[in-house]
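This report is meant for a reader meeting the structure for the first time. Please look over the sequence and the model before reading on.

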Amino acid sequence: MTAQLLIGPVLRRVVGDRATLWLETSEPAEARVEVDGAGAGAAHTFSAYGHHYAVVVVDGLAPDSANPYRLFLDDRQVWPEAESEYPAPVIRTRAADDREQPVCLVFGSCREATPQASRRRLPPDALDAYARRLMTGPVERPDLLVLLGDQVYADETSAKVRRFLRRRRRNGHQGPENQVVSFEEYTKLYLESWRDPEVRWLFSTVPSVMVFDDHELIDDWNTSASWRADMAREPWWRERIAGGLASYWIYQHLGNLSPDELAADPLFQKVIAAEDATGLMREFGHQVDEPSSAENTDVPYQWSFALDLGRTRLVVLDNRCNRVLTPGARSMLPATEWNWFLDRAHGDYDHLVIGSSLPWLMPPAIHYLEAWNERVAESHRPRVAAFGEKVRRAFDLEHWAAFGKSFAALGELFRRLGEGDPAAEGHRVGAGGVYAAPASISVLSGDVHHSYVARADFGHAMTTPVYQLTCSPIHNEVPLPMRPLMRIAWSRAVAQVVRGLARTVSVHKPALRWKRLAGPYFGNAVGTLHLEGATAIARIEGTTKDGELIEVAAARYRP
């Protein structure tokens, strides 16, 4: 049969004169990309679970260029589509020496599929709105789209997917009626979400990186050790976690890897060499769910990744899969991965950008509530601990503040980097020696279904500005009754009351303070971070009822 292009092409990494494009096809095929002017690449599809995928590495791109490209399946052009109304997709490269070239990142999280997304009527999709702006106006083209979690919702499915699932359940496929379980069911989520016309065009012409949050698997994924124990008793959970992680690896994580990293990844090499990679992916999905612990700090697979764009370093952290959940030793990252992060935090760059699906700086009242809850849930008195666990799950108390040691360690790292102290543990040392404090540190986050800008205050010795930039949702909403609570959580008076509660279980005041500069904004939104010289400019833009973007929050910062 003739292979059809089902999803993609999705332009992922552009590194020097090379680029990667990801796609899914209906049948096995040879995928070939040709770039006008210079550059080409080809790859045969690999197969898993009866589905067919390719990652094409394009070589020989001209520096500092933006050239249209075409995608062929078995010598038949499939992209751009015939008579497409959209602009030609391009692969844009940076200058050969891009140290003085500005960097533009677009970011956000939490996007339900646009078509028949839910029984609720959601405001316009901010990613659709951004794509339309890019198509029609002379605007700055971003270097990278950074998607920070909940790219698909396994546990909150659309009407179309629910109809498919009901047919599957009637035919004997086990699982909740309205939630996906198997790899096959996960493919329907991506098919629905990534074939949205504007988003499909955007993905084909702007490079992207992605990291999961909880809804790629299930709400509150890995919130605690007891949560894992409860989920393990569900008869469908083992298939859910294996299918969810295998599909995430194929659809999202592969594109986070540079061409050289793909060549060095042993799993990817096994998968593309296999006639059918189903067994490999099923085994992988089970293996990478093994929890880290205080005693075993090795990770089955590292989902965190890092990359450089000019003088900007982006480090995207896994806030979900590899958490240490051992009571008394809870940590957002296991020791091995934390040490990897420390290595990436040091080096020769001007701006450090951390991608964290969960905000590091939350409204202060919520911060103290989560810190209090962590202590209560780890009480040596079983009834008290059970109460704390019940509260944790009921109110989603699982952000950095609920992993108190990790929260403090991240703040201490930022302080040492920002003070530029070469004698301290967190100093920046690389092959070139000791480096000055970075011009800025920005933490990009999502998850919480509202957007805000906050600045951390480490005291007068700190020269580097540190900002929390939270942009969520791209296409979802927070329930109306929750919005006043989110607003008052920033209140100093309310924070003092909750801090008093936290002191009853010996929660100490953090070593830093933080202040909200803009927000909270509760509409659908997309964020932009522009980095040039020593200056960082952050903007959050929300959608109007007509699907346009307007600025709702902004910040400009430099040392």
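## Basis of the model

This is a predicted model, in which local features need pLDDT of at least 70 and side-chain atom pairs count only at pLDDT 80 or more, while totals for chains, interfaces and linings use all residues. Residues are numbered from 1 along each chain as its sequence is written, and side-chain values use heavy atoms, with hydrogens and water left out.

Helices (H or I, at least four residues) and strands (E, at least two) are DSSP runs, numbered from the N terminus. Helix α3 covers residues 183–194 and reaches 16 Å from its first C-alpha to its last, close to the 16 Å expected at 1.5 Å a residue, where the expected span is 1.5 Å times one less than the number of residues. Among the buried residues of α3 are F183, Y186, L189, Y190 and W194.

Helix α11 (residues 364–377) has 14 residues and reaches 20 Å between its first and last C-alpha, close to the 20 Å expected at 1.5 Å a residue. Twelve of the 14 residues of α11 are buried, and the helix is mostly covered; the buried residues include P364, I366, Y368, W372 and V376. Y368 and L501 are 133 residues apart in sequence, yet their C-alpha atoms are 8.1 Å apart in space. L501 lies in helix α15 (residues 492–503) and counts as partly exposed because its relative accessibility is 34%.

## Salt bridges

Side chains of opposite charge can pair when their charged atoms come close. The structure holds 37 salt bridges, each being a side-chain nitrogen of Lys or Arg within 4 Å of a carboxyl oxygen of Asp or Glu. One of them joins the side chains of R200 and E81 (3.9 Å, N to O). This pair links distant parts of the chain, 119 residues apart, with R200 in helix α4 (residues 197–205) and E81 in the loop between β8 (76–79) and β9 (90–92). R200 counts as buried because its relative accessibility is 6%, whereas E81, with a relative accessible area of 42%, is partly exposed.

R111 and D196 also meet through their side chains in a salt bridge (3.9 Å, N to O). R111 lies in the loop between β10 (103–108) and α1 (126–136) and D196 in the loop between α3 and α4, so the pair ties together parts that are 85 residues apart in sequence. Both R111 and D196 are buried.

Within helix α12 (residues 382–394), E389 and R393 lie four residues apart, about one turn of the helix, and they form a salt bridge whose closest N and O atoms are 3.0 Å apart. E389 counts as buried at 11% relative accessibility, while R393 is partly exposed with a relative accessible area of 25%. Elsewhere, salt bridges that share partners join R32, E34, D36, R70 and D75 into one network.

Note on methods: Buried means under 20% relative accessible area, exposed over 50%, partly exposed in between (1.4 Å probe, protein chains only).
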